[in-house]
Amino acid sequence: MKVRRSIMSMLFILLIMTSCTTKKDDTPVPEKQTKKTEFDTYCNPVDIDYSYMSHYAYRGVSYRSGADPAVINYKGKFYMFVTRSHGYWVSDDMSHWKFIKPQSWYFNGSNAPAAAVLNDEIIVLGDPSGHGAVIKTNNPELGDWQTTYSVIPISIQDPDLFVDDNGKVYLYEESSNLYPLRAVELDPNNHFVPKEEQKDLFKLHPDQHGWERFGQDHKSDIDPYLEGPWMSKHNGKYYLEYSAPGTQWNVYADGVYTSDSPLGPFEYAPYNPISYKPGGFLTGAGHGSTVKDNQGHYWHFASMPISVNYKFERRIGMFPAGFEDDQMYVNTAYGDYPHYLPHVELEDNKNRFTGWMLLTYKKPATSNSTISGVERKVVDESDTGFMLEQEEPNYSAAMVTDENIRTYWVAENSSDSLYLQVDLEKEMTVNAVQLNFQDFNSNIFGRPDTLKYQFTIDYSTDGKNWSTMFDYSKNERDQPHAYIELEEPVEARYVRYNNLHIPHKYLAISDFRVFGKGHEAVPATPANFKANRQEDRRNANLTWEPSDSAIGYVVYWGIRKDRLNNSVMIYEKNAYELRALNTNQKYYYQVEAFSENGTSEKSPILETE
């Protein structure tokens, strides 16, 4: 009897211990989110550890830049080669990009590099001098690049290497506001020397193609630049992409000519431009490359300007792309809001926007520090007509919610006592956050391997009781555009950034962007939408009545009612002068309103001859 009671007692104690242990392990910790490492979404600009340029080190001007991306799919991995980055990036999923410091590479970094796959090797051309040999490797993660020795005997700017299905190799190149884009076949069995003289293909025609005009919003009379070729082949047709009108402008874009032969003749596509993003937080979408993912879908990577510290301060954007019959497209609508990554299966690859809206636009922001009396170090070339006019310096916390990547809040230092808080004004569902750090009077050049950003993000529904949204206090990554997707969405009205460590003297944040959904009605469809072609047929005036509760609008246009593939995002204004049309083309137009609660139904489609 005593033994039985003893056994029963032990079992009872064991049951209690097991129950306590289970309860302890399974009880959620509501005040802290689990750090999510595998994301289903991304947000432009692409969050990589951009290199610091050294062009103006002698002036003490330090800035990051990434431009002219050449992205290829090699053995199921994606390799991204970027101007003067002292190496390149690799990714399995287009989400996590690891920088590779190659065993051998260009001393000054490659300039507008070309990359392609030939005979189980990657070939690259990108010597900054414009004179060099093709280099190659079959081990890009080690980066034991070997030269092919023979310097191509032509001056090369913005090259593109294309390997056709039959193994023939072609070079396309030019970056000029004077010369045409050129092409030549190279001999891969003889050091890639040209087989013949270069062939002139085409020049810009800004008098006929409105989007090819130079300057901010295409409003400069300076001759535009023809740049950045990239060849794609689809269903036997050759699509030769090219860039115009200049990399520092909001209207930097990619267009395409098509042909049945890699050397032409080429025909201008009436639906141009294909990659165009003149509005929103991050503008421009030119000098890009188009690559097929492992699911069989296309993506377009492009250069996007900031042009604050220097006119060539740029970032990388990534957009869904593809072909509809023989028409190429790049979808930039809501292009700097969160989109689904390639591994997320969708019925329509063209539309990968998550529907998570911006919750922070013009919302009140406060901090415990704002700099004053410190002069900004920039290379200001605005007097040449090649640099965007600098905004009047205003470093207040309000700058972090204005949806302008060129303005920013700056603190007096970079201490671990700094915070930045945004009031969403109403309780909303938060799915993701993006922090865009800015290089204010930085003193970094090249690629130090010690750079990292450490912080925490807190949230609250009442401004008094706070929980941790995510904890990056031990983060070792260099993330100048830290995009973080939550494991599970949270309800919040207040969101607060707490600084722990940054690699700069001053903490500067361009925009503190919070994405998710409000809980109120979506805006009404804009009424009285009108489209009038100007006497200058490159331009059209688009107007509509303001929609209650809308914070902005997206205007779509195209050459077919079912393919309104171009778009522009406009905040607050209810009119837009579209200056990107082709003179001999009929167009269709549509507009929708958006707010933090979602998007409206689109308006009826209009047309102009």
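Me: What kind of model is it, and how are residues numbered?

Reply: This is a predicted model, where local features need pLDDT of at least 70, side-chain atom pairs count only at pLDDT 80 or more, and totals for chains, interfaces and linings use all residues. Residues are numbered from 1 along each chain as its sequence is written, and side-chain values use heavy atoms, with hydrogens and water left out.

Me: Okay, how many residues has the largest nonpolar core?

Reply: The largest nonpolar core has 75 residues. A nonpolar core is a set of buried Ala, Val, Leu, Ile, Met, Phe, Trp, Tyr and Cys residues joined through side-chain atoms within 4.5 Å. Buried means under 20% relative accessible area, exposed means over 50%, and partly exposed is in between (1.4 Å probe, protein chains only).

Me: Which residues have the most contacts inside it?

Reply: Those are Phe301, Phe455, Met469, Tyr497 and Phe512. The largest share of this core, nine residues, comes from strand 29 (residues 419-437). Strands are DSSP runs (E, at least two residues), just as helices are runs of H or I with at least four residues, numbered from the N terminus.

Me: What does phenylalanine 455 touch?

Reply: Leaving out residues up to four places away in sequence, Phe455 touches residues including Leu435, Phe437, Phe470, Tyr472, Ile484, Tyr497 and Leu500. Contact here means heavy atoms within 4.5 Å.

Me: And what about a second core?

Reply: A second, separate core of 69 residues includes Trp211, Met304, Ala321 and Val330.

Me: How many bridges join strand 23 to strand 24?

Reply: Four bridges join strand 23 (residues 314-324) to strand 24. Phenylalanine 323 stands opposite methionine 328 in strand 24.

Me: What about the open sheet of three strands?

Reply: That sheet runs 34-35-38, again with antiparallel pairing. Its edge strands are strand 34 (530-533) and strand 38 (575-578). Strand 35 (residues 540-543) and strand 38 pair over four bridges, and leucine 542 stands opposite tyrosine 576.

Me: Which residues are on the covered face of strand 38?

Reply: Tyr576 and Leu578 are on the covered face, while Ala575 and Glu577 are on the uncovered one. In a regular strand, side chains alternate between the two faces of the sheet.

Me: New topic: how many salt bridges does the structure hold?

Reply: The structure holds 31 salt bridges. A salt bridge is a side-chain nitrogen of Lys or Arg within 4 Å of a carboxyl oxygen of Asp or Glu.

Me: Which parts of the chain does the glutamate 572 and lysine 362 pair link?

Reply: Their side chains meet at 3.0 Å, N to O. Glutamate 572 is in the loop between strand 37 (566-571) and strand 38, lysine 362 is in the loop between strand 26 (357-358) and strand 27 (365-367), and the two are 210 residues apart. Glutamate 572 is partly exposed at 48% relative accessible area, and lysine 362 is partly exposed at 48%.

Me: Is aspartate 423 buried or exposed?

Reply: Aspartate 423 is buried, with a relative accessible area of 14%. Aspartate 423 forms a salt bridge with arginine 493 (2.8 Å, N to O), and arginine 493 is partly exposed at 26%.

Terms used:
Two strands pair if DSSP finds at least two bridges between them.
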